[in-house]
There are 2 protein chains.
Amino acid sequence: MKELVFVGLGLNDENGISLRGLEETKAADSAFMEIYTSLLPEFSLKNFEGLSGKKVHMLSRRDLEEENGKVVLDAAEKGKTVLLVPGDPFVATTHVALRIEAEKRGVRTRIVHGASVISAVIGLSGLHNYKFGKTVTIPFPENLSETPYNVISQNKKMGLHTLCLLDLKTDEQRFLGIREGLEQLLAVERKKREKVIMLDTFAVGVARVGSANPSLKADIVEKLLKHDFGGPPQSLILPGELHFMEVEALISFAGAPEKLRSVVR
Amino acid sequence: MKELVFVGLGLNDENGISLRGLEETKAADSAFMEIYTSLLPEFSLKNFEGLSGKKVHMLSRRDLEEENGKVVLDAAEKGKTVLLVPGDPFVATTHVALRIEAEKRGVRTRIVHGASVISAVIGLSGLHNYKFGKTVTIPFPENLSETPYNVISQNKKMGLHTLCLLDLKTDEQRFLGIREGLEQLLAVERKKREKVIMLDTFAVGVARVGSANPSLKADIVEKLLKHDFGGPPQSLILPGELHFMEVEALISFAGAPEKLRSVVR
């Protein structure tokens with residue numbers, strides 16, 4: 001059967017995959033995996049191969065983006081093939097072109113979803129999902145951009161929260177941290193002076209969501225800059241208007257200062 | 001150990017849970033479940049109990065919202081307790097109060113994430129996650145509200161897509177459909193006349209995401225009103241400005257008309 005199934009690995013390690021995803025992998029003729037679009041900090045390929053009973057071919061960015069996933073498409077034209085991807089497969093847009101090309105070649109495509117960093121970070125924070133505006137990624141300093149600042153500004157004007165993902169280059173083991181992300185936003189603030197993010201602006205940092213020891217801290221930027229969140233991956237939330245239940249959640253789950261209650265109606 | 005673990009069931013059926021979530025359930029002293037905040041159309045409690053080897057106590061809305069989850073908190077004060085929840089546990093805000101109360105009682109809380117309808121619908125559509133604005137839920141007609149229309153309008157002005165979840169009352173087996181959702185938006189349009197949604201507006205309907213036979217159709221509203229999406233759960237996307245890759249994805253995955261190419265730069 002000519003078939004390509006995109007399977008989400010979920011978060012953190014080899015146990016983030018769904019039961020359905022593992023069954024699809026066991027039943028596949030060929031299994032491929034990429035773990036460069038997102039970091040699964042405790043993932044073990046050896047353990048995953050043990051669980052699935054399948055030899056997994058690990059793919060590089062080059063295999064998928066420069067050679068357009070040729071090795072995957074060729075396998076999918078011969079039989080049932082799975083491509084294992086961190087999180088929920090199409091939250092990063094990287095693989096959409098591959099899915100289009102497969103369909104063009106007459107290969108049926110399906111998706112087995114996994115837990116995504118997007119819903120996980122929002123859920124862990126206790127903030128309300130429907131109060132988030134557009135999501136943005138903060139790039140590395142060498143690609144300094146005003147876009148994240150502008151997105152936060154636009155969302156705040158509507159009272160909405162902003163989820164800021166932080167860029168990563170897994171092949172170079174480089175992961176943008178909460179501190180660096182905040183410093184970049186402050187640098188843009190010094191230039192634009194729109195008072196979008198200042199040292200006394202309230203923000204939420206989240207690290208290693210989906211692991212056994214996620215780190216979550218809500219405080220003013222000045223304090224977050226000094227907070228030790230531990231290792232990657234990390235993300236940042238810039239809240240808009242807070243509902244009192246959101247304040248209680250941040251105090252209870254994220255160690256926010258009690259005085260936060262006084263700033264919320 | 002006094003502990004309450006919120007475990008995401010993911011999508012569609014008992015195989016949507018992660019391997020980690022199943023392990024947590026097996027290791028628990030008490031297991032509770034609610035499946036009213038979202039519909040898992042092919043879920044079998046019997047199969048889940050077989051997989052987990054645990055007797056699961058099914059909870060009603062009344063148990064969790066009127067009695068504030070007392071039965072869950074009492075169990076968590078005696079030993080390791082899991083509460084199984086559809087999707088990713090805190091995408092619906094229903095259980096945030098329970099988590100706060102548990103922490104107040106000195107019960108440690110953790111989350112095992114699952115696939116959420118939010119990232120799954122966006123991923124299945126082929127649209128780009130970072131181009132979505134605020135998410136909204138379209139209520140039942142008896143609760144007719146202008147909010148969804150206004151959110152779509154606001155997002156569109158910024159070129160952003162809107163994910164519209166459709167309301168459900170699982171205890172009454174009532175599920176708002178794509179057609180009814182569109183009809184409500186058109187009713188608001190007739191009143192407000194801001195040209196946010198018309199019969200020739202382009203939209204995307206999605207049904208049963210995460211199942212073996214999800215239904216996805218992109219077309220003008222007039223056509224979607226007549227399209228048979230099959231059973232629930234269903235959702236709706238009102239796109240803002242489309243990138244050419246998004247157009248190709250909608251043509252390839254969602255049967256969008258080829259002429260959609262001509263409307264996009």
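Q: How much area do chain B and chain A bury between them, and what share of it is on carbon and sulfur atoms?
A: Keep in mind that this is a predicted model. Chain B and chain A bury about 4300 Å² between them. Carbon and sulfur atoms carry 63% of that.

Q: How many residues of each chain are in contact there?
A: On chain B, 51 residues are in contact with chain A. On the chain A side the number is 51 too.

Q: How many salt bridges cross the interface of chain B and chain A?
A: Two, by the rule used here. Asp13(A) with Arg20(B) is a salt bridge between the chains, and its closest N and O atoms are 2.7 Å apart.

Q: Let's go to α10(B). How many of its residues are buried?
A: Eight of eleven, so α10(B) is mostly covered. The buried ones are Glu246(B), Val247(B), Glu248(B), Ala249(B), Leu250(B), Ile251(B), Phe253(B) and Ala254(B).

Q: What covers the buried residues of α10(B)?
A: The cover includes α5 (96–104) of chain A. From chain B it includes α6, β10 (202–207) and β11 (215–220).

Q: What follows α10(B)?
A: Gly255(B) does, with a positive phi near 55°.

Q: Over to chain A. How many residues of helix α1 of chain A are buried?
A: Six of its eight residues are buried, and the helix, residues 19–26, is mostly covered. Those six are Leu19(A), Arg20(A), Gly21(A), Leu22(A), Glu24(A) and Thr25(A).

Q: Where does Val121(A) lie?
A: In helix α6 of chain A, residues 117–125. Val121(A) counts as buried because its relative accessibility is 0%.

Q: What is Val121(A) in contact with, leaving aside its neighbours within four places in sequence?
A: Leu163(A), Val206(A), Val209(A), Ser235(A) and Ile237(A). Take Leu163(A): it sits 42 residues from Val121(A) along the chain, with 8.4 Å between the C-alpha atoms.

Q: Is Thr135(A) buried or exposed?
A: Buried, because its relative accessible area is 13% and the cut-off is under 20%. Thr135(A) is found in the loop between α6 and β6 (136–138) of chain A.

Q: What does Thr135(A) touch, not counting residues up to four places away in sequence?
A: In chain A, Ile118(A), Leu163(A) and Leu165(A). In chain B, Tyr130(B) and Phe132(B).

Q: Back to charges. How many salt bridges are there over all chains?
A: The search of the whole structure finds 48. One of them joins Arg105(A) and Asp74(A), at 3.5 Å from N to O.

Q: What does the pair of Arg105(A) and Asp74(A) tie together?
A: Parts that are 31 residues apart in sequence, because Arg105(A) lies in the loop between α5 and β5 (108–112) of chain A and Asp74(A) in helix α4 (residues 70–76). Arg105(A) is partly exposed at 28% relative accessibility. Asp74(A) is partly exposed at 25%.

Q: In chain B, which side chain does Arg105(B) meet in a salt bridge?
A: The side chain of Glu77(B), at 3.4 Å from N to O. Glu77(B) lies in the loop between α4 (70–76) and β4 (80–85), and Arg105(B) in the loop between α5 and β5 of chain B, so this pair ties together parts 28 residues apart in sequence.

Q: Which residues do salt bridges with shared partners join into one network?
A: Glu3(A), Glu24(A), Lys80(A), Arg108(A) and Arg110(A).

Q: And how far apart along helix α1 of chain B are Glu23(B) and Lys26(B)?
A: Three residues, about one turn of the helix. Their side chains meet in a salt bridge, 3.7 Å from N to O.

Technical notes. Residues numbered from 1 in each chain as written. Chains lettered and ligands numbered in written order. Predicted model: local features only at pLDDT ≥ 70, side-chain atom pairs only at ≥ 80, totals over all residues. Heavy atoms only, no water. Contact = heavy atoms within 4.5 Å. Buried area = accessible area lost by both parts, 1.4 Å probe. Salt bridge = Lys/Arg side-chain N within 4 Å of Asp/Glu carboxyl O. Helix = DSSP H or I, 4+ residues; strand = E, 2+ residues; numbered from the N terminus. Buried < 20%, exposed > 50% of the residue type's maximum accessible area, 1.4 Å probe, protein only.
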